[in-house]
Amino acid sequence: MKPVWKWALASAWSAAILCGGVASAQPANGPTAIKIQRGDARDLAAVQAASVAANQSGPRAIAEHVTALQAVLDRAPKSFPEFERHGDLLIVRSSRSDDQPALVAQAGEPAPRILRAEYNTYGYASFLLGSFWNEIHEPAKAVAALDRGLVLQPRNGLLIGERGAALAALRRFDDAMASYDPWLAAGIGSPLQRALILRARGFALIELNRLDEAEHDYLESLKLEPCHAGARHELAYIAGRRTGTEHSSPSKLLTYDKAKGTCSPV
C-alpha cells in the first residue's frame, strides 16, 4: 500500500522550500503515545525569518538574524535527526521538498504506512549561519556553526557541502575530502545534494592538483544537475590548466541559482 503523507507546510524561499509547522496526527494503528522531538515555535519562526531574508536579498541579509539563529542553536534538542520512525509513522525533516524522497529511501525498510514532513529547524539554522559566515569571508566561524548542526545530523548533505566550502577557504582540502568521500560512498542524498558535493569535491581536487579526478566529479555532477554554470566553468579551467593556457585560480564555488545557465547538457 502506498504510504500516506501528513503535511504541515507553508511557503518561504520558494515552492521548493519547506517552512512548515509541525503536524500532530498520530498513525491510526501506531502507538497511542509516542515521544517525538519537536522544535520550539519561536525557533521555527526565527529560522523562517532568516530564510526569507536570504531568499529576498542574499546571504548577507542574514546579518540581522545572526543573534537569533545562534539562540536557536543554543536551544537545539540533544536529538533532531533528519528522519525517525515511530511504529507506522516515518518523520522526515528537510528544508527542500526535493530532498524528501532521498530521506525516505535512506530510512530503508520496512516501508512506512504514514509519512510526515516537518521543517528542519535546527539543521537549517546551522546552514544559514554557515552560509552567512562563508559569504563575509569568516570560514572558521562557518565551520563552528556547521559543526553544531552536524552533531544533530551527521549525514546532512547541505551542511557537509557548506562546511566543505569553508574548509576550502581555509585551504584545508584534505579535511574537506574526508567529509565528502564517506557521504558520497554511502549513496545518500537527493540528486541536487549529490551534485553539490561532487562540485565541491572537484574544487578541492583541483587545488590538490588531481585534475583527472576533478574532471570526473564535475562531469558526474552535470549528469545530476545539467547546465550548472559553475561546473562548466571549472571544466573549462581544467582544460586550460592541461594546455597551459589557464593561469588563474579556480572560481568561487557556485551552488545556487545564480550559477545555473542555459545550455545543452553534456
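**Entry 1: The term needed first**

I call a residue buried when its relative accessible area is under 20%, exposed when it is over 50%, and partly exposed in between. The model I examined is predicted.

**Entry 2: The chain as a whole**

I looked up the secondary structure and found 10 helices and 4 strands in the protein chain. Reading along the sequence, I noted the pattern β-α-α-β-β-α-β-α-α-α-α-α-α-α. The protein chain has 266 residues, and 48% of them count as buried. I then turned to contacts between residues at least 6 apart in sequence, and 67% of these join residues at least 24 apart. For the accessible surface I recorded about 12500 Å², with 53% of it belonging to carbon and sulfur atoms.

**Entry 3: Strand β3**

I next asked which strands pair with β3. Strand β2 pairs with β3 in the antiparallel sense, over 4 bridges. One pair I located is R85 with its bridge partner L90 in β3. The hairpin of β2 and β3 has 2 residues between the strands, and G87 there takes a positive phi near 60°. Strand β4, residues 114–119, is joined to β3 by 6 bridges, and these two strands run parallel. Here I found R93 standing opposite E118 in β4.

**Entry 4: Helix α5**

The buried residues of α5 are P139, A142, V143, A145, L146, G149, L150 and L152. What covers these buried residues? I found α2, α4 and α6 among the elements that do.

**Entry 5: Helix α7**

I repeated the span check on α7. This helix has 13 residues and reaches 18 Å from its first C-alpha to its last, close to the 18 Å expected at 1.5 Å a residue. In α7, I listed F173, A176, M177, Y180, W183 and L184 as buried. These residues cover an arc of only 140° around the axis, which puts them on the same side of α7. An α-helix has 3.6 residues a turn, so residues three or four places apart point the same way. On the other side of α7, I found D174, A178 and A185 exposed. The cover over the buried residues of α7 includes α6 and α8. Just after the helix, G187 takes a positive phi of about 70°.

**Entry 6: Salt bridges**

Side chains of opposite charge can pair when their charged atoms come close. I looked for pairs with a side-chain nitrogen of Lys or Arg within 4 Å of a carboxyl oxygen of Asp or Glu. The count comes to 13 salt bridges.

R75 lies in the loop between α2 and β2, and D43 lies in helix α1, so the pair ties together parts that are 32 residues apart in sequence. Are the two partners buried or exposed? R75 is partly exposed, at 32% relative accessibility, whereas D43 is buried, at 1%.

A second salt bridge joins the side chains of E207 and R171, at 3.1 Å from N to O. E207 lies in helix α8 and R171 in the loop between α6 and α7, so this pair ties together parts that are 36 residues apart in sequence. I noted E207 as partly exposed, with a relative accessible area of 25%. R171 counts as exposed, at 55%.

A further salt bridge pairs R199 with E225, whose closest N and O atoms are 2.9 Å apart. This pair links distant parts of the chain, 26 residues apart, with R199 in helix α8 and E225 in the loop between α9 and α10. I found both R199 and E225 buried. Lastly, I traced a network in which salt bridges that share partners join D181, R201 and D217.

Conventions:
Residues are numbered from 1 along each chain as its sequence is written. This is a predicted model: local features need pLDDT of at least 70, side-chain atom pairs count only at pLDDT 80 or more; totals for chains, interfaces and linings use all residues. Side-chain values use heavy atoms; hydrogens and water are left out. Buried means under 20% relative accessible area, exposed over 50%, partly exposed in between (1.4 Å probe, protein chains only). Contact means heavy atoms within 4.5 Å. Two strands pair if DSSP finds at least two bridges between them. The expected span of a helix is 1.5 Å times one less than its number of residues. The arc is that of the directions from the helix axis to the C-beta atoms. Accessible areas come from the Shrake-Rupley method with a 1.4 Å probe; for residues, only the protein chains shown count as cover.
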